[in-house]
Amino acid sequence: MTLGMLVGMGLGIVGGHQLASLKIIGDIFLRLIQMSVVFLIFGAVIEAIGSLDHKALSRLGGKTALWFFVTTVIAAAIGLGMGLLFRPGSGLQLGQLHAKSAVQTASGDWATTILNFFPDNIFGALAKGDVIQVIVFALLFGLVLNHANQHQQFDGVLNLVKQLNQLTVNLVMLVMKAAPIGIGALMIGVTADNGLRVILPLIKFLAIYGVSTGLFLAALFLGISWYAHVPLFGLIRGFSRIMLVALTTTSSAVSLPIEMTDAHERLGVSERINKLVLPLGMALNSNGLAMYLALVCVMLTQLYGVGTSVTGLMQIVALSVLACLGTVVVPGGGLVALTIIVPTLGLPTASIALLAGIDWFSGMFRTVANVVGDTTTAIAIASDEDELDHSVYETIVHHAVNK
């Protein structure tokens, strides 16, 4: 995608408006992703909840979900705050929106805002692409399916959902093969209109996102060191290999085996907690993606001169958290999530091309934040359940001192 962005920028500068008609190829690419993404979220959430062991949805499951939710909201809030503070989209106007975006017009009526989270017709929510309503229904349906399928009498329904999800993921992967061409075509139009000025916000964005990720990791390490009563140095040493693998592979799925091994052997998490929290976190929890989406939305509102109300900012945080649920395990999940949240907020879909070109670099920060968030949650729950082996930290510190 980075190569596609660079080629597209070059053609946009050289060819200018003569090649602007090629932008339709990029628009088709975005529509091909958007056509299946809501259905993907719908099925992914049902499968993730419906496939859980019934006992895992009791007290332990509820505690895990609460930790995931809190850390993801904190991550999104950090992304939002850093975007408002450092303004990565300032200094460049890509034009004013003709119609007011959702973040401008979001109502201050909290009762109405909350009511709109719940669908009155799930088919209507699917047709409109109302992501929040679709996720709420999928969560409830997954819980009901999980409860009803205790004796495998609804395995047929669950297997059907799994098969549909796999086919949908395959469809998204097929479309993603055309990503360099689609992103390049979109960048031709963007660069033809704005020139090389579009590079500066991207550099600022990556720098701010990197700093935001560092702040989030520092908060997690300090918080979990205090909460679980483990030495900070030993904690960081125990995470070193997990973070290195996440940084270099940019894949939570690829990082999972190392994450599970080190969580048990170097961070003291019991096998029971390990096997529940970490796979579930890979499927449903994405601190790094939530932070990324919130920061992207703030930058885009600045690039397009869109004012944001307090309710609009809260909507950005809510969407950043909810949009992660069904896209974490999808290849190119950051790009897929952008095709959900950007149109939902009424921002131009063409702006997705700007971020897609640097998605690999963004993915490095996203993946590190994701796996560290999952593993610190496992440590916290293991500590609560008295299933955290503190002796491993003493061993790590002892080896480090002897070196």
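Of the 403 residues of the protein chain, 52% count as buried, where buried means under 20% relative accessible area, exposed over 50% and partly exposed in between, for a 1.4 Å probe and protein chains only. The model is a predicted one, in which local features need pLDDT of at least 70 and side-chain atom pairs pLDDT 80 or more, while totals for chains, interfaces and linings use all residues. Residues are numbered from 1 along each chain as its sequence is written, and side-chain values use heavy atoms, with hydrogens and water left out.

The secondary structure of the protein chain consists of 19 helices and 0 strands; both are DSSP runs numbered from the N terminus, helices being H or I with at least four residues and strands E with at least two. The accessible surface, from the Shrake-Rupley method with a 1.4 Å probe and, for residues, only the protein chains shown as cover, comes to about 17500 Å² for the protein chain, and 68% of this belongs to carbon and sulfur atoms. Among contacts in the protein chain with a separation of 6 or more, 85% are between residues 24 or more positions apart, a contact being heavy atoms within 4.5 Å.

Helix α14 covers residues 287-303, and its end C-alpha atoms lie 25 Å apart, in agreement with the 24 Å that its 17 residues should span at 1.5 Å a residue. The expected span is 1.5 Å times one less than the number of residues. Of the 17 residues of α14, 17 are buried, so the helix is largely enclosed by the rest of the structure. Gly 305, which follows α14, has a positive phi near 65°.

The structure holds 5 salt bridges, each a side-chain nitrogen of Lys or Arg within 4 Å of a carboxyl oxygen of Asp or Glu. In one of them, the side chains of Glu 385 and Lys 63 meet at 3.0 Å, N to O. This pair links distant parts of the chain, 322 residues apart: Glu 385 is in the loop between α18 (359-384) and α19 (391-402), and Lys 63 is in helix α3 (residues 59-86). Glu 385 is buried, with a relative accessible area of 15%. A network of salt bridges links Lys 63, Arg 272, Glu 385 and Glu 387.

A salt bridge at 2.5 Å, N to O, joins the side chains of Asp 262 and Arg 241. Asp 262 belongs to helix α12 (residues 252-265) and Arg 241 to helix α11 (residues 232-249), 21 residues apart. Asp 262 is buried at a relative accessible area of 0%, whereas Arg 241 is partly exposed at 36%. The side chain of Asp 262 also meets that of Arg 266 in a salt bridge (3.6 Å, N to O). Arg 266 counts as partly exposed, at 24% relative accessibility.
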